[in-house]
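Reader: I'd like to go through the labels on this model and hear what backs each one. Could you take me through them?

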Amino acid sequence: MSQQFPKSSSVDIMLFSEGTYPYVKGGVSSWILQLIKGLPEFSFGVCFIGATPYLDGELMQVSYEFPSNLKHLEVHYLFDKDDKKRPKPKKRRGSEEGFKAIQKLYTALQDNSGEIPEVLQNLDFYTKNVTFDDFLHSELAWEFLTATYSKNCPDIPFIDYFWTLRNIHKPIWTLANIVKGLPKTKIYHAPSTGYAGFLGALSSYTTQRPFFLTEHGIYTRERKIDMLSADWIEFKKPSLLQQPQEYNYIKKMWISFFDKIGLFCYHRANHILSLFSGAQKIQINFGAPAHRTMIIPNGVDVDGLMRTIEYRNDPPRPIITLIGRVVPIKDIKTFIRAIKIASQTIPDIEGWIVGAVDEDREYVQECQQMAFALDLKGSIQSFEGNKSNLSPEEIQKSEDKIKFFGHSDITKILPKSALQTLSSISEGMPLVILEGFAAGVPCVATDVGSCRDLIEGGINSDDKAIGSAGAVTGIANPDALAKEYIRFLNFENGEWKKAQEAGLKRVQKYYRQEMFLQEYRELYSEALQLSWSELNARVFNYYAPVKVPCRLVQIKRFTITAFTTTLQRGAS
């Protein structure tokens, strides 16, 4: 899809997209699009940042038509600059004062307290005090690098430390230059911490405009999972030389970096939003000021999805659908194993995998090979982008028990599904579960993110009283998943029907798209004409003189319209 990017000198809200909209379908991209289209009274901008323009060797393509109120879109890549094209470096000493600040930054990134030093909150630091060339090529930079190496990790290869420190810090200068060129903006909004959150926080420090942070998953925790399982960060000391519980120092550097960037975002955000109570608690544990946190659940187009129920068979065929990207964090392999186990009891069971296949081609291949080895798939499919070499009709007619659809229209998939499932090892608040409920599809999911709250009810006692809209299992447990598949697909026991009714009732009462949009409409409307400090003064801390006999819940702020100390006539 080839489209001209809209450009504007000013917008109401600037959204920062890290590796999502407009290139990646589903997930946070869907949330961004839902927000823009659902609030047409505001003008939006999107600033996309990615690693490179390529995904698995192929140039990324725009996946969406742009809404009319998306007035500005710009795209940047953090690691796409070819150092060979840079001018030949000249001998330079560097700024003594600037590198004292760099030392403070390095220390702040390594410890577990405080926030980014104040001098580094100023855009001028990156563009004037210590330029990118200073950081790369000055004598002071070399002295700083060798000194920190000798102090912290002289027993690992210097070349590993050199490139790690360089790659950790390099994006900061790129992001600072992005902030310098952004259009005039009234509200900055990031859907994660990390690089997107850093952009939002630095933009807010620079312009003194409000900054909102909405975390879908907890970015810091997900990056820890990525780093601790990464095979591209290979160095660690021989086992006999390690101290107890010691792990790869290079991985520790990356984890500390993302921890500190998360704190930087939390300290600056006027509103720290999450999708469910469990995520809010994690945010507070990671350093978010509790009084700035707020829960706004996702919402879906309930009425539109409910219309798909008329196309459902009664009872449906034993098709279990996993809607999600085919990537390791979704643990597709556990789902495939669960289908194999369940097929021993339900021979005609099918597992449909519906979602992007272009993010991790190697993992997609491994999943297909597993399905082939377990006799669940007759041949290996090929894909162009997110499209299979077979049409959806051909895939459905095949005799395979595991079927890969790539990205597809869920309104055509859900009416044919008996159950929806998620086998993920990490989630935020999966919209697909709510979309499934609205389409009359119960869900069996692992106990991650808000899955238990969505399935069993977690908002209040009335929500819990609705009953279970499926089942929750432990992670990486194919036997437990298969057991629940078998229980619900025995339609005669009434479990499937009860779960379907509970899901429909829950999504209609608590997760309508209109409710979600109204929450953001109110927040945006309040902040639009306020500075960061003016809005910050409205989001104040509070205290209770004694312990209250109930758990803390989010209460909407109210507006005082009048206040008087004069006793009114007739009052006592």
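Author: In β9, T293 is the bridge partner of I272. This is a predicted model, where local features need pLDDT of at least 70 and side-chain atom pairs count only at pLDDT 80 or more, while totals for chains, interfaces and linings use all residues. Residues are numbered from 1 along each chain as its sequence is written, and side-chain values use heavy atoms, with hydrogens and water left out.

Reader: What makes β8 and β9 a pair?

Author: DSSP has to find at least two bridges, and β8 and β9 (residues 293-295) share 3, in the parallel sense. On β7 (residues 211-215), β8 has 4 parallel bridges, with E215 opposite S274.

Reader: How do you know which residues of β8 are buried?

Author: Buried means under 20% relative accessible area, exposed over 50%, and partly exposed in between (1.4 Å probe, protein chains only). H271 and L273 on one side of β8 and I272 and S274 on the other are all buried, so both faces of the strand are covered.

Reader: Why is the pair F16 and Y188 called stacked?

Author: Rings of Phe, Tyr and Trp (its six-membered ring) pair if their centres lie within 6.5 Å; planes under 30 degrees apart count as stacked, over 60 as edge-to-face and the rest as tilted. The structure holds 22 such aromatic pairs. For F16 and Y188 the centres are 6.1 Å apart and the planes at 20 degrees, so the pair is stacked. F16 sits in β1 and Y188 in β6, so the pair ties together parts 172 residues apart in sequence. F16 and Y188 are both buried.

Reader: And what makes F162 and W163 edge-to-face?

Author: Their planes are at 90 degrees, with 5.1 Å centre to centre. F162 has 18% relative accessibility, so F162 counts as buried, whereas W163, at 39%, is partly exposed.

Reader: How do you know that the charged end of R268 sits over the ring of Y205?

Author: A charge sits over a ring if NZ of Lys or CZ of Arg is within 6 Å of the ring centre and within 35 degrees of the ring normal. The charged end of R268 is 4.2 Å from the centre of the Y205 ring. R268 also lies over the face of W532, at 4.0 Å from the ring centre.

Definitions and conventions
Helices (H or I, at least four residues) and strands (E, at least two) are DSSP runs, numbered from the N terminus.
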